[in-house]
Amino acid sequence: MNTKKAIVAGGAGFIGSHLCDRLIKEGYSVLCIDNLYTGYIGNIQHLLDNTNFSYVRHDVTDPMSYDNVSLIFNLACPASPVHYQKDAIYTTKTAVLGTLNLLELAKANHCPILQASTSEVYGDPFVHPQTENYYGNVNPIGIRSCYDEGKRCAESLCMDYHRQYGIPVKIVRIFNTYGPNMAEDDGRVVSNFITQALQGIPLTVYGDGMQTRSFQYIDDLIRGILLMAQTPDKFTGPVNLGNPEEYTLKELAEKILRLTNSPSTLEYHPFLQDDPCQRRPDISLAKKMLGWQPKILVEEGLQKTIIYFKNKISKV
């Protein structure tokens, strides 16, 4: 494979770092752009000496200029409630201005751009499971709107650049994903439950624990992202990437307690504002257009993630 230059914005984050790894293995030259707002240099430390990898500390809300770019991946945005609500205005700026700047970069290089969107564009859905043609039920003025509406606006920008300038855009809507390189303090349910279970403290369950989620392992997601990037220019998506197996949060907590052999109990707290009651992807389009579906069972992926957090906690 001739060396192609790929830019991964948000490449030091959880998903971005795994994508950088995979692109290097696929023979790409990778430029990782990250301001480390939520990314972690340790996630890409092992790549810094690789001649096909380079890292630039840069905020995507500021314009950028690079030449000879073959492919752009936009994963630059705080993605967990704890982080994106910390500075809601900055989250919106990152989702909107960051996407705008990367679309301009794609336009200058005449190259495709893959936008990492989210299942949060569906809000608290009335349609279940969620299909790509469902417009969603999002509160535009709630505490989650900085992320939800920011990502919806980013999708709109991508499609406008595609229609007005012919930019090949690829939109993937990512459902709950877990695996190594997650931050233990990001507030996501899998990392929360695992770290609490390993420390023997109560697992924090919001509401009655009957709200549902679908969990995909990081390797499955990366495979789906790369398959999407390889589709014909005229295919834009959006495409759901997620595991259609559905669990209540109480079921997930009990599974993690069993896998960690933890003495922890469940501790119930009030529902979070605008937290979706149901979340499960319809992946019919991904199967049809990408030949993709998850391969890694939840229990297998959780075991790998538990090992990662055990090692991380032991080093603290």
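## A tour of the predicted model

Select Asn68 to begin: this residue is exposed, its relative accessible area being 67%. The coordinates belong to a predicted model. Asn68 is found in the loop that runs between strand S3 (53-56) and strand S4 (71-74).

Next, select His110, in the loop between helix H3 (88-109) and S5. Here too phi is positive in a residue other than glycine, with a value near 55°. His110 is exposed, and its relative accessible area is 70%.

**Cis peptide bonds**

Move to His128 and Pro129, which are joined by a cis peptide bond with omega of about -5°. Pro129 sits in the loop between strand S5 (113-118) and helix H4 (145-165). Then display Gly237 and Pro238, where a cis peptide bond has omega of about 5°. The loop holding Pro238 lies between H6 and strand S11 (239-241).

**The nonpolar cores**

Now select Ile15, Leu19, Leu23, Phe73, Ile225 and Leu241; among the 59 residues of the largest nonpolar core, these touch the most other members. Helix H6 (residues 218-229) supplies the largest share of this core, namely seven residues. Centre the view on Ile225: leaving aside residues up to four places away in sequence, Ile225 touches Ile15, Leu19, Phe73, Leu114, Val172 and Leu241. Another core, of 22 residues, lies apart from it; Ala9, Val60, Val69 and Tyr161 are among its members.

**Helix packing around H7**

Show helix H5 (residues 189-199) together with H7: their axes come within 10 Å and cross at roughly 40°. That angle makes H5 oblique to H7. The crossing of H5 and H7 is right-handed. To see the contact, select Val189, Val190, Phe193, Ile194, Ala197 and Leu198 of H5 with Leu249, Leu252, Ala253, Ile256, Leu257 and Thr260 of H7. Coloured by class, this contact of H5 with H7 shows eleven nonpolar residues, one polar and no charged.

On the H7 side the contact is made by Leu252, Lys255, Ile256, Arg258, Leu259 and Thr260, and on the H9 side by Val298, Glu299, Leu302, Gln303 and Ile306. The contact of H7 with H9 comprises six nonpolar, two polar and three charged residues.

Methods:
Residues are numbered from 1 along each chain as its sequence is written. This is a predicted model: local features need pLDDT of at least 70, side-chain atom pairs count only at pLDDT 80 or more; totals for chains, interfaces and linings use all residues. Side-chain values use heavy atoms; hydrogens and water are left out. A nonpolar core is a set of buried Ala, Val, Leu, Ile, Met, Phe, Trp, Tyr and Cys residues joined through side-chain atoms within 4.5 Å. Buried means under 20% relative accessible area, exposed over 50%, partly exposed in between (1.4 Å probe, protein chains only). Helices (H or I, at least four residues) and strands (E, at least two) are DSSP runs, numbered from the N terminus. Contact means heavy atoms within 4.5 Å. Ala, Val, Leu, Ile, Met, Phe, Trp, Tyr, Cys and Pro count as nonpolar, Asp, Glu, Lys and Arg as charged, and the others, Gly among them, as polar. Axes are lines fitted to C-alpha atoms, for helices over the stretch in contact, and angles run from 0 to 180 degrees between N-to-C directions. Angles under 35 degrees count as roughly parallel, over 145 as roughly antiparallel, 65 to 115 as roughly perpendicular and the rest as oblique. A crossing is left-handed if the near helix is turned anticlockwise from the far one by less than a right angle, and right-handed if clockwise.
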